[in-house]
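Please read them with the model open.

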Amino acid sequence: MTLDAEFATIDAVRDFNRFYTNFLGVLNKAYLDSPYTLTEARVLFEVGVRGDVAASALTRDLHLDPAYLSRIVKRFREDGLLETKPDPDDARSQAINLTDKGQIQLQEFVRRSRAQITEYFDRLSIGEPERIVDAMRTIQDTLGANRSSAPPAIIRHHRHGDIGWIVQSQARFYCGELGWDHRFEALAAEVAGKFLANFNPEKDRCWIAERSGLNIGSVMIADGGNGIAKLRLLYVDRMARGLGLGKLLVDECIRFSRKAGYTKLSLWTNDILDTARAIYIKAGFRLVAEEKHRMFGPELNGQTWELDL
């Protein structure tokens, strides 16, 4: 990524942050027409969800100044929303719980927040709320402090719209990150289009790796004729690499090809794709041919690999 592109990315994030803080009302003195700020409402929410939570844990997890949290707790206690007691695990801290009045206030926040979001989403076109939620999940999964705790991926068969996503993902990675030109996207679209046009569920299959409702990987098996299955368009999204999804997808291809009665599984790749080649080698594929080419712009070394089934 060039320096100009990096600055453009950073400025886009800053622009989104300004928009979203205004959208949430972070800078407003009142949150959801209540006498409390958004930060105060967040503290109330965390206490309600966790129960008997240590003040020290709140300052750490919410990145709050201890003195600021102390003022919030004091106000909530005066309003009858919180009660405190000495923290048995830390003599310098206190354990915090909601009172019955605090629980009522929390539920009112939840009700108002849901109504506000419903009002926003009711203005949108069909499909737009789902796009927003998908984008939010992407941000959360990608930038989350503990990505290893994300829900596990599932492997499923393709549905309507998945094949278009495969072409888009392939083009964004190979053209955007590796510098291949538009001819690669044309090839990916051609392969995907033929897969759909000639789809035979007994001989063809597409798998999608999905996590939290987001597609994060894919692969296809297409009938190559003469008892040969073609492994096509293997892809794992950057946010999911290192989880072993590539191996899982290739294993699905091998199992299906054997069950479908194929005698050989064949694939074409390029030798710069080290991670994918390592998966093929470990699965037992052998290199049967290779040649230099400029099909997508840069000079590459194309390779054909086969696995006897």
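1. Start with Arg42. Arg42 is partly exposed, with a relative accessible area of 43%. Its salt-bridge partner is Glu46, and the closest N and O atoms are 2.9 Å apart. Glu46 is buried, at a relative accessible area of 10%. Keep in mind that this is a predicted model.

2. Both residues belong to helix α2 (residues 38–50). Arg42 and Glu46 lie four residues apart, about one turn of the helix. The pair also belongs to a network: salt bridges with shared partners join Arg42, Glu46, Arg50, Arg60 and Asp61.

3. Look next at helix α4 (residues 66–78), which holds Lys74 and Glu78 four residues apart. Their side chains form a salt bridge, 2.6 Å from N to O. Lys74 is partly exposed at 44% relative accessible area. Glu78 counts as exposed, at 58%.

4. In helix α9, Lys247 and Asp251 are also four residues apart, about one turn. A salt bridge links their side chains, 2.8 Å from N to O. Lys247 is partly exposed at 43%, whereas Asp251 counts as buried at 18%. Over the whole structure, the search finds 25 salt bridges.

5. How do the axes of α9 and α10 cross? Helix α9 (residues 245–259) and helix α10 (residues 274–283) have axes that come within 10 Å and cross at roughly 45°. Therefore α9 is oblique to α10. The crossing is right-handed.

6. Lys247 returns at this contact. Gly246, Lys247, Val250 and Ile254 of α9 meet Ile279, Tyr280 and Ala283 of α10. These contact residues comprise five nonpolar, one polar and one charged.

Note on methods
Residues numbered from 1 in each chain as written. Predicted model: local features only at pLDDT ≥ 70, side-chain atom pairs only at ≥ 80, totals over all residues. Heavy atoms only, no water. Axes fitted to C-alpha atoms, helices over the stretch in contact; angles between N-to-C directions. Helix = DSSP H or I, 4+ residues; strand = E, 2+ residues; numbered from the N terminus. Parallel < 35°, antiparallel > 145°, perpendicular 65-115°, else oblique. Left-handed = near helix turned anticlockwise from the far one by under 90°. Contact = heavy atoms within 4.5 Å. Nonpolar A, V, L, I, M, F, W, Y, C, P; charged D, E, K, R; others polar. Salt bridge = Lys/Arg side-chain N within 4 Å of Asp/Glu carboxyl O. Buried < 20%, exposed > 50% of the residue type's maximum accessible area, 1.4 Å probe, protein only.
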